[in-house]
Amino acid sequence: MPELPEVETVMRGLAAVLEGHRIVEAEVRRADLRFPFPADLARRIEGRRVLSFRRRAKYMLMRLDGGESLLIHLGMSGRMVARRAGEAPAPRSGPQGAASDARGHNAPPEAHEHLVLATDHGWRVGFVDPRRFGSVDLVPTVAEDGHRFLAALGPEPLDAGFTPAVLSAALEGKRTPIKAALLDQKVVAGLGNIYVCEALFRAGISPRRLAHTIPGTRAARLVPAIKAVLAESIGAGGSSLRDYVRADGEVGRFQEKFAVYGREGEPCPGCPGVPPCGGIARIVQSGRSTFFCPGRQR
């Protein structure tokens, strides 16, 4: 599933193409994804100007004039594709399926494209989701944070307000492993498996350590590590492991910089010049693979 850096990268790509422009045509090509599309969605957003974008955790909010925001979640395999109207889709490997032309825009079909937006400056944006675990909703802009998907989310890890003190308070008394605690979206919003593994490595904290032992000095190491790994990944365009690509069709590059994720058995990049630590290990926590260095992370 795309994590915070991937969603941020996609959102920035959409903002560059859509902000300030009007949606002249919208097409909904099926009744639902993970959840039903909002009733009369195409009619309700046609003619609206895109004012701005906001990301909350792994959700994108496209704010429209008229006081509503389009809430988009990419799910497991979703991606947004932005291209000039009439331009052929970029070649992609993987599952393919039929999709009809967008009305009146001579747009070649894109497989598994379920929502299409055409703009007043000749751009076409499609929501492609082969597995249909993504979702789209329409919410009053003033009530974004009260939406059922957003209301219970924790702080944004890249915000200045996410501090060691805030994380310490959230972890106080928690007897779950810190890896599981950081994946809890009520503790901190937007973190996923990849970046939790990478941040714990940078902070030198074992993923098996209980969360209630983190407040204090360990939280002071962990918060900057979280912020740094997210910022670096956004700078690299995110991580492309399977389905994720940017809105312009390019892949992210941060996977080339992984220290531990997916590197089971490889030498630890944090243990040069010391007795062998045994290399990067993999364990399973709550059904998810965890990668870490048993020698460096305590």
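Predicted model: local features only at pLDDT ≥ 70, side-chain atom pairs only at ≥ 80, totals over all residues.
Residues are numbered from 1 along each chain as its sequence is written, and side-chain values use heavy atoms, without hydrogens and water. Local features need pLDDT of at least 70, side-chain atom pairs count only at pLDDT 80 or more, and totals for chains, interfaces and linings use all residues.

**The sheet**

Four strands form an open sheet in the order β1-β6-β7-β5. Their pairing is antiparallel. Strands here are DSSP runs of E with at least two residues, and helices are runs of H or I with at least four, numbered from the N terminus. Two strands pair if DSSP finds at least two bridges between them. β1 (23-28) and β5 (79-84) stand at the edges. Each has a single partner strand, so one side of each is left without a neighbour in the sheet. Neighbouring strands are turned by 15° against each other on average, direction ignored.

β6 (residues 113-119) and β7 (residues 123-128) run antiparallel and are joined by five bridges. Leu115 has Phe127 in β7 as its bridge partner.

Axes are lines fitted to C-alpha atoms, for helices over the stretch in contact, with angles from 0 to 180 degrees between N-to-C directions. Contact means heavy atoms within 4.5 Å.

| Helix pair | Axes come within | Crossing angle | Hand |
|---|---|---|---|
| α1 and α6 | 9 Å | roughly 40° | right-handed |
| α5 and α6 | 8 Å | roughly 130° | right-handed |

A crossing is right-handed if the near helix is turned clockwise from the far one by less than a right angle, and left-handed if anticlockwise. α1 and α6 are oblique to each other, and α5 and α6 are oblique too. Angles under 35 degrees count as roughly parallel, over 145 as roughly antiparallel, 65 to 115 as roughly perpendicular and the rest as oblique.

From α1 (residues 4-18), the residues Leu4, Pro5, Glu6, Glu8, Thr9 and Arg12 meet Leu230, Ser233 and Ile234 in α6. That contact has four nonpolar, two polar and three charged residues. Ala, Val, Leu, Ile, Met, Phe, Trp, Tyr, Cys and Pro count as nonpolar, Asp, Glu, Lys and Arg as charged, and the others, Gly among them, as polar.

The α5 side includes Tyr195, Leu200 and Arg202. Their α6 counterparts include Arg221, Ala225 and Val229. By class, the contact of α5 with α6 has 10 nonpolar, one polar and four charged residues.

**The loop residue**

Ser206 sits in the loop between α5 (193-203) and α6. Ser206 is buried, at 9% relative accessible area. Buried means under 20%, exposed over 50% and partly exposed in between, with a 1.4 Å probe and protein chains only. Leaving aside neighbours within four places in sequence, Ser206 contacts Ile178, Gln297 and Arg298.
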